[in-house]
Amino acid sequence: MIQHTQLLFLQKSFDLQRISHAYLLSGNDIQEKQHVLSTFIAYIHSNPADVVFVQDEKEVTISHIRDLASKAHLGAWASLYKIFVIQEAHRMNQEAQSALLKLLEEPKGDTIFFLLTQYPLLLLPTLASRTVELKFWTSVALHSKEIEKELNELQAKNLEEFVSILKKKHMVD
């Protein structure tokens, strides 16, 4: 029933014209996050042309965010809001998160960002602080092996990125 509370919260925020420019939908209940998001998008009568999804199997890069930024500056075409959905937001690399942070610090009035993730702690704290977090956790946890595998992959990616940055700054051979 918590998920229904989150949907009601979003709907009431819209009805009262108190909608935030960014929401973080966190937790392991992926289906419920998608359901609440799609129901809310339908509730505010968003035209599909004004809904942009960002997702990459491996990594969300700064080029994804730059593309998103150029679309955000165009504004909504046939709806009240232009909606941007970043699926698996924890897959954003550091540069992408920094670029998104800049967008969130200077929001355009008719845009709403939705960041969806199972691992909110992998986001920059400053990025998460610019959002309203809605939690979607179920009591049925993922298998620990699956969690361990994904975290190991993310840690390896982040370590490689860190070493690459140090090499660029000539701090490591």
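This is a predicted model: local features need pLDDT of at least 70, side-chain atom pairs count only at pLDDT 80 or more; totals for chains, interfaces and linings use all residues.

Reader: Where do aspartate 67 and lysine 71 lie?
Author: Both are in helix 3, four residues apart, about one turn of the helix. Helices here are DSSP runs of H or I, at least four residues, and strands are runs of E, at least two, numbered from the N terminus. An α-helix has 3.6 residues a turn, so residues three or four places apart point the same way.

Reader: How many salt bridges does the structure hold?
Author: Four. One of them joins arginine 91 to glutamate 88, closest N and O atoms 2.5 Å apart.

Reader: Is arginine 91 buried or exposed?
Author: Buried, at 13% relative accessible area. Glutamate 88 is partly exposed, at 28%. Buried means under 20% relative accessible area, exposed over 50%, partly exposed in between (1.4 Å probe, protein chains only).

Reader: Which residue does glutamate 105 form a salt bridge with?
Author: Arginine 130, with the closest N and O atoms 3.0 Å apart. Glutamate 105 lies in helix 4 (residues 94-105) and arginine 130 in the loop between helix 5 (125-128) and strand 5 (132-135), so the pair ties together parts that are 25 residues apart in sequence.

Reader: New topic. Which residues of helix 2 are buried?
Author: Lys33, Val36, Leu37, Phe40 and Ile41. They cover an arc of only 130° around the axis, which puts them on the same side of helix 2. That arc is taken from the directions from the helix axis to the C-beta atoms.

Reader: And what's on the other side of helix 2?
Author: Gln31 and Ala42 are exposed there.

Reader: What comes after helix 2?
Author: Histidine 45, whose phi is positive, near 55°.

Reader: Last one. In which sense do strand 2 and strand 3 pair?
Author: Parallel, over four bridges. Pairing requires at least two DSSP bridges between the strands. Valine 51 has isoleucine 83 in strand 3 as its bridge partner.

Conventions
Residues are numbered from 1 along each chain as its sequence is written. Side-chain values use heavy atoms; hydrogens and water are left out. A salt bridge is a side-chain nitrogen of Lys or Arg within 4 Å of a carboxyl oxygen of Asp or Glu.
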